[in-house]
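Q: I have a chain open on my screen and I would like to go through it with you. Can we start?

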Amino acid sequence: MGRWSGPSTVLVCLLLLRLPPLPACPAACRCSSSGEVDCSARALHEVPQGLATNISSLWLGYNFITVLGPRSFPALPGLLLLSLPHNRLGLIHPQALVGLGALQELDLSNNYLTVLTPETFLPLTSLAKLNLGSNRLEELEPEVLQSLPQLQALLLQDNPWVCSCDILPLWRWLSHNREKVQEKTFLQCKVPEQLNKYPIMAFGNESFRQCQETSLSAQHYLVFLTIGPFSFLASIFFCTFMGFITVVYHNMRREPHFWRRPCICKGH
């Protein structure tokens with residue numbers, strides 16, 4: 001029996017060498033053979049390191065992540081779903097999502113986001129669903145959404161929207177993309193108080209008539225800034241000239257003899 005132990009051991013070793021290596025899985029996460037990585041509710045303060053490059057879904061909800069810095073994720077060409085709800089996320093760096101070009105669904109709901117720039121989602125050319133509900137967004141530039149050419153579903157509910165003239169560009173985008181906006185009735189104004197809980201989608205063109213009439217382009221402001229100093233100098237010159245004319249006029253009325261020609265009279 002002992003003579004077979006040598007070849008058997010060699011055979012087992014060869015088989016082990018031919019087995020493909022197991023994909024990496026962070027210690028705080030649970031990984032499945034289907035490519036799903038679940039790191040939810042692990043008291044994480046940042047995206048875990050050591051993620052395999054072939055994962056398809058990443059769940060990071062219910063943690064304490066506050067910032068997504070530049071390149072927070074490795075290149076994940078097969079990642080289709082990224083879930084980050086119920087964190088403390090307040091800042092996303094413009095380079096944070098680089099390498100996630102295949103991503104189709106992104107959940108950022110129930111966080112502390114106040115500002116999003118067009119560069120934030122620029123790498124996500126395949127994104128179809130975006131959830132920004134229950135954040136602290138008071139306004140949102142349409143350019144942020146225009147950078148997502150494949151967007152089909154957008155959730156914006158439960159944000160403290162400020163319904164002033166600044167929301168006009170977003171309202172226009174929403175009006176032209178109604179089929180993409182889910183839960184329209186939950187898009188409600190927070191400020192001003194008289195419009196609290198008023199549905200944003202219920203506004204019409206007449207609601208923004210004053211904003212459209214009073215809005216000025218950058219060229220208009222430049223003209224005003226140029227004309228202003230010249231008008232100020234011209235007004236000073238005009239006032240000085242009119243003051244001089246007034247003084248001369250009063251002197252002529254009070255001392256008319258001053259302007260008479262001298263008379264040389266002959267003595268008798």
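Q: What is the strand order in the open sheet of 8 strands?
A: The order is β1-β2-β3-β5-β7-β8-β9-β11, and the pairing is mixed. Strands are DSSP runs of E with at least two residues, helices are runs of H or I with at least four residues, and both are numbered from the N terminus. Two strands pair if DSSP finds at least two bridges between them.

Q: Which are the edge strands?
A: They are β1 (30-31) and β11 (181-182), each of which pairs on one side only.

Q: Before I go on, what kind of model is this?
A: It is a predicted model, in which local features need pLDDT of at least 70, side-chain atom pairs count only at pLDDT 80 or more, and totals for chains, interfaces and linings use all residues. Residues are numbered from 1 along each chain as its sequence is written, and side-chain values use heavy atoms, with hydrogens and water left out.

Q: Back to the sheet. In which sense do β8 and β9 pair?
A: Strand β8 (residues 129-131) and strand β9 (residues 153-155) pair in the parallel sense, over 3 bridges. Leu130 stands opposite Leu154 of β9.

Q: How many helices and strands does the chain have?
A: The chain has 5 helices and 12 strands.

Q: And how much of the chain is buried?
A: Of its 268 residues, 32% count as buried. Buried means under 20% relative accessible area, exposed means over 50%, and partly exposed is in between (1.4 Å probe, protein chains only).

Q: What about the accessible surface of the chain?
A: It comes to about 17,700 Å², and 61% of that belongs to carbon and sulfur atoms. The areas come from the Shrake-Rupley method with a 1.4 Å probe, and for residues only the protein chains shown count as cover.

Q: Ser57 next. Where is it?
A: Ser57 is in strand β3 (residues 57-59).

Q: Buried or exposed?
A: Ser57 counts as buried because its relative accessibility is 11%. Leaving aside neighbours within four places in sequence, Ser57 is in contact (heavy atoms within 4.5 Å) with Gly35, Glu36, Val37, Leu79 and Leu81.

Q: Where is Val47, then?
A: Val47 is in the loop between β2 (36-38) and β3. Val47 is buried, as its relative accessible area is 4%. Beyond its neighbours within four places in sequence, Val47 is in contact with Leu60, Ile65, Leu68, Ser72 and Phe73.

Q: New topic. How many salt bridges are counted?
A: The count is 1 salt bridge. The rule asks for a side-chain nitrogen of Lys or Arg within 4 Å of a carboxyl oxygen of Asp or Glu.

Q: Which side chains meet in it?
A: Asp38 and Arg30 do, at 2.9 Å from N to O. Side chains of opposite charge can pair when their charged atoms come close. Asp38 counts as partly exposed at 22% relative accessibility, and Arg30 counts as partly exposed at 48%.

Q: What sort of peptide bond runs from Val191 to Pro192?
A: That bond is cis, with omega near 0 degrees. Pro192 is in the loop between β12 (189-191) and α4 (209-214). Most residues other than glycine have a negative phi, and most peptide bonds are trans.

Q: What is phi for Lys197?
A: Phi of Lys197 is near 70 degrees, a positive value in a residue other than glycine. Lys197 is in the loop between β12 and α4, and counts as exposed at 59% relative accessibility.

Q: Last one. Which residues form the nonpolar patch on the surface?
A: Phe238, Phe241, Met242, Phe244 and Ile245 form it, with about 510 Å² of accessible area together. Patches are made of residues with over 30% relative accessible area and no salt bridge; like charges are joined within 9 Å, and nonpolar side chains (Val, Leu, Ile, Met, Phe, Trp, Tyr) within 5 Å. Phe241 is in helix α5 (residues 218-254), and it is partly exposed, with a relative accessible area of 43%.
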